[in-house]
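Dear colleague,

I am handing over the structure we spoke about, and it is placed directly below. After it you will find my notes on what was found, with the cut-offs given as each term comes up.

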Amino acid sequence: MHRRSRGVNIGLLLLLSQIFQVGINNVPPVTLATLALNIWFFLNPLKPLLSSCLSVEKCYQQKDWQRLLLSPIHHADDWHLYFNMASMLWKGIHLERRLGSRWFAYIIVTFSLLTGVVYLFLEFALAEFLNEPDFKRNCAIGFSGKADTFLKVACLKTVREVQLFLFYNFACWFQFSFSPRTSFAGHLAGILVGLMYTHGPLKKIMESCTGMENRALVKLRTELAGAGPLMAPKRRLKAPVLNLMLS
């Protein structure tokens with residue numbers, strides 16, 4: 001993994017242009033803060049990339065657990081930053097408005113950490129199953145595998161949509177697998193975490209841990225409460241029998 005060049009960051013300029021084209025006032029606060037945070041650490045990284053990327057060897061064996069926090073907010077170069085944040089911009093606008101800012105922020109933090117843990121598990125399992133220690137040295141960095149991919153899954157509602165999404169992404173991964181810089185396990189970890197949220201127990205666990213609830217569910221309950229308590233209709237035994245007899 002190489003340090004990004006210090007020349008003109010065309011990808012960063014395109015990202016800023018896209019943000020201003022959408023309009024800063026049109027970007028919800030958590031999405032805007034996520035974009036700003038990633039741009040800031042791209043320009044002012046806390047550590048070199050090789051000291052921020054996530055791997056089994058560095059994180060698990062050498063106990064450098066801070067990489068779980070550093071990896072999602074660092075990017076290899078300006079184009080890496082652009083593609084991840086341009087995707088985040090669109091998904092964040094739609095998802096944050098649908099889920100609410102507090103829940104959306106909770107999702108980003110939780111899934112970023114959890115996707116990193118799943119990534120470590122996948123790389124460790126591959127290394128042990130295939131007897132290839134090099135998998136433990138694979139070092140992943142960037143927002144895409146940590147949070148962006150599971151946001152795509154969070155947009156899906158039906159099993160058919162999930163199947164089409166997985167087919168499309170596996171086709172892309174097959175093509176990108178010839179590039180040594182693409183982290184298949186990182187994106188797969190994001191997919192698995194997203195499925196755990198949409199079709200598994202993760203969402204309920206998150207709700208029970210904090211007491212926070214999805215804004216859509218809260219809105220539904222508020223509307224039901226405003227309509228008053230639901231009363232069972234009075235049973236009228238004779239009328240239905242009479243109608244049946246007259247029909």
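Leaving aside its neighbours within four places in sequence, Thr34 is in contact (heavy atoms within 4.5 Å) with Met85, Met88, Ile108 and Phe143. Thr34 sits in helix α2, residues 29-43, where helices (H or I, at least four residues) and strands (E, at least two) are DSSP runs numbered from the N terminus. Thr34 has a relative accessible area of 9% and is therefore buried, a term that stands for under 20% relative accessible area, with exposed meaning over 50% and partly exposed in between (1.4 Å probe, protein chains only).

Before going further, please note that this is a predicted model, in which local features need pLDDT of at least 70 and side-chain atom pairs count only at pLDDT 80 or more, while totals for chains, interfaces and linings use all residues. Residues are numbered from 1 along each chain as its sequence is written, and side-chain values use heavy atoms, with hydrogens and water left out.

As to the protein as a whole, it has 12 helices and zero strands, and buried residues make up 41% of its 247 residues.

Two helix pairs, both involving α5, deserve a description. The axes of helix α1 (residues 10-22) and helix α5 (residues 78-99) come within 7 Å and cross at roughly 20°, which means that α1 is roughly parallel to α5. Axes here are lines fitted to C-alpha atoms, for helices over the stretch in contact, and angles run from 0 to 180 degrees between N-to-C directions; those under 35 degrees count as roughly parallel, over 145 as roughly antiparallel, 65 to 115 as roughly perpendicular and the rest as oblique. On the α1 side the meeting residues include Leu12, Leu15 and Ile19, and on the α5 side they include Trp79, Tyr82 and Leu89. The residues of this contact of α1 with α5 divide into 13 nonpolar, two polar and one charged, where Ala, Val, Leu, Ile, Met, Phe, Trp, Tyr, Cys and Pro count as nonpolar, Asp, Glu, Lys and Arg as charged, and the others, Gly among them, as polar.

The axes of α5 and helix α6 (residues 101-129) also come within 7 Å, and they cross at roughly 130°, so α5 is oblique to α6. Here Met88, Gly92, Leu95, Glu96 and Leu99 in α5 meet Ser101, Trp103, Phe104, Ile107 and Ile108 in α6, and these residues divide into seven nonpolar, two polar and one charged.

Finally, a search of the whole structure finds three salt bridges, each being a side-chain nitrogen of Lys or Arg within 4 Å of a carboxyl oxygen of Asp or Glu. In one of them the side chains of Arg67 and Asp64 meet at 2.8 Å, N to O, and both of these residues are buried. In another, Glu128 and Lys136 meet at 2.9 Å, N to O; Glu128 is partly exposed, with a relative accessible area of 45%, whereas Lys136 is buried at 16%. There is also a salt bridge between Asp134 and Arg137, at 2.3 Å, N to O, in which Asp134 is partly exposed at 44% relative accessibility and Arg137 is partly exposed at 45%.
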